[in-house]
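Here is a short report on a predicted model.

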2 protein chains.
Amino acid sequence: MAAPLNGRARASIADVAARAGVSVGTVSNVLNRPERVSKHTRARVEAAVQDLAFVRNGSARQLRQGVPSVVGAIVLDIENPFFTAAARGVEDRLSRDSHTLMLGSSDEDPARQARLLQQFEEHGVRGVLITPPDETMTAIEQLRERGTPVVLLDRLSDHPDISSVSVDNVHGAKLAVRHLLDLGHTDIAFLNGHTSIPQCAERRQGARQALAEAGADPDSLVELTLSSLSSEGGSAAMSTVLEEHSEVTATFCINDMVALGALWSLRERRVAVPSGMALVGYDDVSFAPVLAPPLTSVRQPAREMGFRAADLLLGGGPAQQVVHRPELVIRTSTAG
Amino acid sequence: MAAPLNGRARASIADVAARAGVSVGTVSNVLNRPERVSKHTRARVEAAVQDLAFVRNGSARQLRQGVPSVVGAIVLDIENPFFTAAARGVEDRLSRDSHTLMLGSSDEDPARQARLLQQFEEHGVRGVLITPPDETMTAIEQLRERGTPVVLLDRLSDHPDISSVSVDNVHGAKLAVRHLLDLGHTDIAFLNGHTSIPQCAERRQGARQALAEAGADPDSLVELTLSSLSSEGGSAAMSTVLEEHSEVTATFCINDMVALGALWSLRERRVAVPSGMALVGYDDVSFAPVLAPPLTSVRQPAREMGFRAADLLLGGGPAQQVVHRPELVIRTSTAG
DNA sequence: ATGAAAGCGCTAACAT
DNA sequence: ATGTTAGCGCTTTCAT
């Protein structure tokens with residue numbers, strides 16, 4: 001039963017051909033265009049494939065015909081449910097065309113992103129879905145110019161040839177802060193990431209606009225800059241707020257993971273929410289409605305966004321910019 | 001500046017060689033063993049690489065030398081924070097050796113797993129990390145026999161040649177249910193997945209053992225079988241418990257996502273936790289401590305597990321079974 | 001319907 | 001130090 005593989009681990013198409021007593025071309029035809037092969041030989045070849053447990057060598061295949069079936073995706077943080085929900089949407093779309101997802105997390109680090117892009121390109125991926133961690137698009141544009149299609153995820157493209165699926169961040173942040181202002185809060189903290197991250201810059205803009213429109217001074221916003229948009233970052237930042245900005249009565253968090261961390265700190269210091277501190281998150285991830293207390297958050301359709309982005313990539317039509325409208329979901333963390 | 005690529009999108013090593021006025025072998029040497037090349041020519045080649053924006057063709061490279069730098073991983077559910085934390089651990093380890101992660105989610109479906117395995121194998125991955133959704137290991141063993149190393153993640157291997165990193169599920173479940181019994185609960189529901197999933201079978205065994213050891217009838221456990229180990233599944237199952245098993249005062253959930261869903265339902269029906277229903281989860285994911293109420297859960301070191309699994313895969317030493325010990329983290333969802 | 005053979009881009013062994 | 005070349009496994013003309 002063991003195959004005569006001359007020490008090689010995997011059977012090649014030549015091994016199959018030898019075993020079935022046909023040429024390699026015929027085996028290839030059985031694999032790719034079975035209708036061109038007679039019933040009889042097809043059966044013989046298929047038997048040989050079974051016997052040898054033959055598996056195609058994807059590298060050789062791709063080298064020859066250059067049609068990759070892998071799509072690369074780079075998200076900011078693989079532990080953020082917003083991005084895994086988006087990844088799930090991507091997978092939903094890819095599996096339709098039996099493509100595989102190669103997922104990487106840049107951890108908001110441009111250098112890590114560059115490394116991943118390089119690996120993806122060497123790999124010859126069919127295309128790349130990416131949430132860039134900063135404003136610079138040169139590496140991405142060059143990648144595209146060299147022939148790898150790119151779609152931006154959770155970031156509006158200003159390049160006419162690059163599609164994107166995003167959400168209006170300015171509007172989303174405005175909804176959040178306006179809500180806090182409507183509730184009577186005047187001293188509001190904003191736990192944000194570096195404004196080099198576009199989402200952070202845009203939401204900051206929205207937050208400040210909301211203040212301005214309400215006749216308040218945008219600079220009255222107490223801004224904290226987290227080095228990492230994670231629950232750990234949120235926890236540390238909220239501690240700072242409590243220690244150094246005791247006037248603050250409401251906090252807007254750049255995302256729900258940060259809000260989660262903020263809740264850790266508030267709980268630890270026995271600050272009641274919302275009476276001691278109102279809290280708004282962003283993304284409306286799955287756990288938001290059952291936090292203690294249920295978290296007010298700005299909803300983004302993560303899964304649909306991922307699906308759509310993958311669809312734009314595979315579809316290959318003209319570039320287009322899809323912009324979703326965010327929605328404020330009010331729960332007891334603000335209106336308790 | 002544009003390169004003479006004869007219509008091809010990407011520059012090849014031959015293009016670089018032509019531009020630099022050297023042979024392809026020399027270019028290859030600059031790329032792989034720069035010390036063998038004189039400073040002068042190296043500079044010329046590097047300039048050409050820059051000019052042409054040359055990127056290695058990974059397929060050709062792998063075809064030739066057969067050393068893949070991609071590791072495949074298949075988890076049960078990409079939206080479960082336990083698995084993304086594990087994936088993060090995997091990435092931590094892979095990035096040390098500049099390997100890339102190819103991540104797939106089987107969604108607990110053996111057919112999906114088979115498809116992913118096939119794609120990974122065709123791709124020629126360096127190895128596979130996998131949490132199998134059922135007991136059958138034939139596809140996995142065959143993959144290994146054909147030369148692709150495999151490490152089981154979150155599942156004990158009974159095959160001497162296959163390494164694994166797991167946690168003692170029987171013990172974990174026993175801790176959880178014993179805790180509920182200690183609190184005086186006698187009517188306990190267990191929101192479990194199909195027992196074809198090994199983790200589910202093992203935790204069921206632990207739950208029943210806890211009952212037996214306490215002198216109770218193991219069959220008194222009210223078992224619900226969810227088709228999906230997600231928050232949606234947990235929500236639906238908890239609704240059933242409330243409607244059809246009003247005697248139940250405590251529920252053990254197979255994981256924290258299910259517990260999250262259960263909380264949705266409890267909140268919707270205004271059942272207080274733990275007074276109306278005590279709740280225990282499994283995994284102790286990041287949001288567990290700040291749920292309403294904070295969730296008692298069985299902790300598993302997800303990130304370390306992923307790291308270790310990747311380490312075993314890349315290390316290539318003799319197969320070994322790493323078994324972690326779970327830990328019960330008691331919070332107010334049971335002992336409020 | 002089937003076979004023979006070229007060639008995808010790269011690496012490594014060998015030759016100079 | 002650099003060049004030449006075989007060949008990895010596959011797909012795809014072009015013959016037969």
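A polar contact is a pair of N or O atoms within 3.5 Å. Keep that cut-off in mind for Arg61(B): an N or O atom in its side chain is 2.5 Å from a phosphate oxygen of DNA strand C.

| Residue | Distance to a phosphate oxygen of DNA strand C |
|---|---|
| Arg61(B) | 2.5 Å |
| Thr41(A) | 2.8 Å |
| Arg33(B) | 2.9 Å |

Which elements give two or more residues to the surface near DNA strand C? They are helix 4 (58-65) of chain A, and helix 2 (24-32) and helix 4 (58-65) of chain B. Helix 4 of chain B gives the most, with four residues.

In total, 23 residues surround DNA strand C. Among the closest are Thr26(A), Ile13(B) and Arg64(B). Sugar and phosphate make up 71% of the atoms of DNA strand C that come within 4 Å of the protein.

Chain B has an open sheet of six strands, with parallel pairing and the order 2-1-3-4-5-11. Strand 2 (100-105) and strand 11 (321-324) are its edges, and each pairs on one side only. Neighbouring strands are turned by 15 degrees against each other on average, direction ignored.

Take one pair inside chain B. Three bridges join strand 3 (residues 127-130) to strand 4 (residues 150-153). Here Val128(B) stands opposite Val150(B).

Helix 12 (residues 302-315) of chain B lies across strands including strand 1 (70-75) and strand 5 (163-167) of chain B. Helix 12 runs at about 170 degrees to strand 5.

Terms used. Residues numbered from 1 in each chain as written. Chains lettered and ligands numbered in written order. Predicted model: local features only at pLDDT ≥ 70, side-chain atom pairs only at ≥ 80, totals over all residues. Heavy atoms only, no water. Near = heavy atom within 4 Å. Polar contact = N/O pair within 3.5 Å; in protein donor to acceptor, adjacent residues only side chain to side chain. Pairing = 2+ DSSP bridges. Axes fitted to C-alpha atoms, helices over the stretch in contact; angles between N-to-C directions. Contact = heavy atoms within 4.5 Å.
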